[in-house]
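Colleague: Please take me through this model by question and answer, and give me each cut-off when a term comes up.

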Amino acid sequence: MLQKDTIIEAEKLIKQSNNIVLLTHFNPDGDAIGSITGLYGFLIQLKKEEAVKMILPNAQPDFLKWIPHSKKLMNAEQHLKKANELILNADLIISLDFNTPARINDLEASLRNSKAIKITLDHHLQPDDYANLILSDVSASSTCQMVFDFAEQLGWKNYLNKDIAESLYTGIMTDTGSFRFDSCTGTTHRIVGELIDTGVDKSKIHGNIYDTNSENRLRLLGKLLHEKLEVLSDYRTVFLSLNAAEQAQFEVKKGDTEGFVNYGLSIENIVLSVFFVEREGEVKISFRSKGSFDVNSFARKYFKGGGHKNASGANVKKGMDEVISEFVSAIKLYKDELESTV
Ligand SMILES: [Mn+2]
């Protein structure tokens with residue numbers, strides 16, 4: 001739960017501000033879009049509709065375009081000048097679902113230079129201290145859960161409606177791997193229960209997000225699982241990789257490889273799954289683990305990445321083969337830890 005005194009301070013700032021910008025991270029996911037639009041849904045009911053702008057560093061993925069209020073999201077890649085102006089001239093900026101300004105790419109400088117009062121509302125580990133007020137709860141399943149907690153503690157729950165609930169449900173569902181990660185607690189389920197009670201259509205939301213395969217994507221996944229799955233049984237580890245040529249062959253579009261990393265963990269006894277994908281001269285790595293194996297510290301230590309204990313990422317400016325062989329060498333140092341992972 002969030003600290004009551006920081007929440008009250010944040011509410012005071014929201015009420016007195018007439019130029020509020022809500023920001024979330026580059027490549028926004030369900031929790032990013034859900035938390036920004038969910039908070040917006042509450043702010044409209046505080047009669048702040050005119051005062052609030054929502055800005056994304058780049059486009060929202062197609063599978064999230066049905067989210068309530070998402071048509072009002074400004075894509076800074078298309079309106080960079082305007083987005084920077086809004087950030088620089090805001091009197092209050094609320095940053096949702098990211099812990100460091102580096103996560104907003106081209107908007108980083110204006111966020112840092114803005115005279116606005118800055119609030120961070122986020123569940124990632126180790127939030128940067130650039131903000132004036134940090135609302136951090138690393139035990140929360142998602143930023144969407146924190147938005148609910150925030151609203152509930154402020155007595156805003158009578159403002160909860162189906163639109164807000166659809167946004168928040170989306171972020172909680174996607175950030176908890178459909179309610180299965182350790183971060184998804186009894187509290188999370190009680191919150192989800194209240195969201196469902198507003199009338200959200202759970203199977204419609206699930207379908208909007210997960211049943212969006214193109215034929216190419218499904219065939220690509222089949223090929224990778226068949227031909228490229230590497231299983232290091234002694235290390236309870238599997239990995240997959242996707243190079244640029246394969247992406248061209250299957251006409252891979254942005255977002256198509258989302259979730260590929262999770263398949264490895266479905267093999268019995270595997271506790272670490274890794275996905276490497278070549279992207280614009282870099283290799284993007286996704287790590288997923290089960291139980292006690294901490295991929296946040298592993299990604300930080302070897303690849304300058306990070307994230308959460310069971311879900312982390314990194315970007316490395318090296319060739320695919322080199323990155324994979326570094327990974328394999330590193331993982332060999334963790335045999336005991338992987339063996340004893342529960
Ligand atoms: Mn999140």
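Colleague: How do the residues of the lining of the second largest pocket divide into nonpolar, polar and charged?

Modeller: This is a predicted model, in which local features need pLDDT of at least 70 and side-chain atom pairs count only at pLDDT 80 or more, while totals for chains, interfaces and linings use all residues. A pocket is found on a 1 Å grid over the protein atoms alone, as an open set of points with protein on both sides within 12 Å along at least five of seven lines, and its lining residues have an atom within 4 Å of a point. Ala, Val, Leu, Ile, Met, Phe, Trp, Tyr, Cys and Pro count as nonpolar, Asp, Glu, Lys and Arg as charged, and the others, Gly among them, as polar. Sorted in this way, the residues of this lining divide into 5 nonpolar, 4 polar and 5 charged.

Colleague: What volume does the second largest pocket have, and which residues are the closest to its centre?

Modeller: For a volume, grid points are joined across faces, edges and corners, and the space filled by probe spheres set on the points is taken. For the second largest pocket this comes to about 240 Å³. Among the 14 residues that line the second largest pocket, the closest to its centre are Met1, Gln145, Asp149, Thr187 and Ile191.

Colleague: Which helix gives the most to the lining of the second largest pocket?

Modeller: Helices (H or I, at least four residues) and strands (E, at least two) are DSSP runs, numbered from the N terminus; residues are numbered from 1 along each chain as its sequence is written, and side-chain values use heavy atoms, with hydrogens and water left out. Helix H5 (143–153) and helix H7 (186–196) each supply at least two residues of this lining. The one that gives the most, with 5 residues, is H5.

Colleague: How many cavities of 30 Å³ or more does the structure hold, and what is the volume of the largest?

Modeller: A cavity, unlike an open pocket, is a set of points where a 1.4 Å probe fits but cannot get out. The structure holds 1 cavity of 30 Å³ or more. The volume of the largest cavity is about 40 Å³.

Colleague: Which residues line the largest cavity?

Modeller: By class, this lining has 8 nonpolar, no polar and no charged residues. Helix H1 (4–16) and strand S5 (117–122) each supply at least two of the lining residues. The residues that line the largest cavity are Ala10, Ile14, Leu39, Ile94, Ile119, Leu121, Leu135 and Phe150.

Colleague: Which residue forms a salt bridge with Arg219?

Modeller: The residue is 4 positions from Arg219 in helix H9 (215–228), which means that about one helical turn separates the pair. With the closest N and O atoms 3.0 Å apart, the partner of Arg219 is Glu215.

Colleague: How many salt bridges does the count come to?

Modeller: Helix H9 also holds Glu227 and Lys223, 4 residues apart, and their closest N and O atoms are 3.2 Å apart in a salt bridge. Elsewhere, Glu152, Lys157 and Glu194 are linked in a network of salt bridges. The count comes to 14.

Colleague: What is the phi of Lys47 near?

Modeller: Most residues other than glycine have a negative phi. Lys47 is found in the loop between helix H2 (30–45) and strand S2 (52–56), where it is exposed, with a relative accessible area of 73%. Its phi is positive, near 65°.

Colleague: What share of the residues of the chain count as buried?

Modeller: There are 13 helices and 12 strands in the chain. The radius of gyration, taken over C-alpha atoms, is 20 Å, close to the 20 Å of the globule rule (2.2 Å times the number of residues to the power 0.38), so the chain is as compact as a globular protein of its length. Of its 342 residues, the share that count as buried is 52%.

Conventions. Salt bridge = Lys/Arg side-chain N within 4 Å of Asp/Glu carboxyl O. Buried < 20%, exposed > 50% of the residue type's maximum accessible area, 1.4 Å probe, protein only.
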